[in-house]
Amino acid sequence: MTARGDWRDGLPDGVDRAPLPAVARVQHDSRLVESGDLFVCVPGLRVDGHDFAAAAVAAGAAVLVTEHGRSEPLGSLGVPVVEVASARRALSSIAAAHEGYPSERLTVVGVTGTNGKTTTTLLIQAALEAYGESAGLISTVETRVGATATANPTRMSTPEAPEVQRLLAEMVDAGNEYAVVEATSHGLALDRLADIAFDVAVLTNLGEDHLDFHGTVEAYAQAKMQLFAQLDAPTSKTVERRAVLNADDPAWRRFAAATRAPALTYGVETRDADVVAGRIDDVGDGSTFELETPRETLTAQVRLPGRFNVSNAAAAFAAALALDVDPWMASVGISQCAGVPGRFERIMTAPIGVVVDYAHTGDALAHVLSLLRGLTDGRLIVVFGSAGERPSERRLGLGAVAARQADYAVLTEEDPRSEPPDAIIDEIARAMIAAGAEEGARFERAPDRRDAIARAIGMAEFGDVVLIAGKGHEPTIERADGPHPWDDRRVAREVLLERFSDPDEWE
């Protein structure tokens, strides 16, 4: 494999580069190391890369990068060892250098927020493509390089820095001029995106999530603000950098203050924004609305239901305007975007409705349930759980929302990991009881997720809607013994086939 750049250009000043060889690839996972690779010893949350340095050298690593004070025991391995202050930060800068700093040859849009990131990235990409620009994509559900879309098989919305930089470099090679990147709080806090020259930063909203990792709401917000701070980093590009901010969210001014880049605001609830979506008309699987921009006012459409998706569309319009894309052409692309796999994905519409959605936080579940309430005259039944090794606050929020907004809930597993599923379900149940929902009358427990889906679909009557929430597009379910193949959409279709295989069931 030929390097596109020189990894040594990513090293801190003062490091003697003379004895350091060129490398084939930049790795942080010893299991992936091949002959001629560089291995960066990154301390992780559960394991420490320094403990795998010998295995990496045995697999063919030609150079090791360690943190200060950690190199001495590794000197006998027979390869050069470089000490840095932060191995994780160095992983990003080295990866960017190794790939020839690809973000300097792309116009890069970063999208962050608690909800709506994936949808907004796809809408922005669609707007750019409609305008005739070739745009790559890195998102939770898929990547796009050139004209090729590839499903994301991992749980990482934001991959590690070597993968991000490689994808950006492949976009350059494929002729992409733009890249739209989903920027998660984890990815920003862990420096996976630290060496990307962002030109436009977009905020969808700010809620509370991932407190198990960040510790506090403030630390979570600060992680997301890093995207906007990066707009001030030096660059060789001449693109005017902009911050695109949701004026409906009280936090937008804090994010505006995180960068010197001018702000372009958008809103649905407020009229005091640069881009305003109003006169919203729900049309079944989407919405039409009037879009007021500094240039003109036009009628627009998004093929995704709910005001929150109108807000996502407004964010995409604002990002397109920040890139000087014609609003009419942006409207064509956004109106043709069919949606996101596993996001409000309809599996059946009649005689019962079945919808799969990724909603796994209280706010996201509330949005989807509110939308579905307006689309059904029957009962609203929800299947959901909450992930293991995540904070209890998320479980309590989900339970409270389900108690308020669903007619019936089936509580089940959702990536329990090392935690007992019954214990997670019990926390949700107690939150529902505290919110006034009686077990047996308003909810039940079915720890096996397939059983839960079957139970919900089996009890649904004509006109009812079943929402299967929490996993969306994800291809696996993570239990104590590791990941198992899983797809809520596939299971729902199998259960529906079983129920409606008898034509009499349709009458």
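I began with handedness: α12 and α13 cross in a right-handed way (the near helix is turned clockwise from the far one by less than a right angle). Both are helices by DSSP (H or I runs of at least four residues, numbered from the N terminus; strands are E runs of at least two).

I noted the provenance next: the model is predicted, local features need pLDDT of at least 70, side-chain atom pairs count only at pLDDT 80 or more, and totals for chains, interfaces and linings use all residues. Residues are numbered from 1 along each chain as its sequence is written, and side-chain values use heavy atoms, without hydrogens and water.

**Helix pair.** I looked up the geometry of α12 (392–405) and α13 (421–434): the angle is about 45° and the axes lie 7 Å apart. Axes are lines fitted to C-alpha atoms over the stretch in contact, and angles run from 0 to 180 degrees between N-to-C directions.

I then listed contacts (heavy atoms within 4.5 Å). From α12, Ser392, Arg395, Leu396, Gly399, Ala400, Ala402 and Ala403 meet Ile424, Glu427, Ile428, Ala431 and Met432 of α13.

**Sheet.** I traced an open, mixed sheet of eleven strands, ordered β8-β7-β6-β9-β5-β10-β11-β12-β13-β14-β15. Strands pair if DSSP finds at least two bridges between them. The twist averages 20° from one strand to the next.

β7 (142–145) runs antiparallel to β8, joined by four bridges. Glu142 has Ala151 in β8 as its bridge partner.
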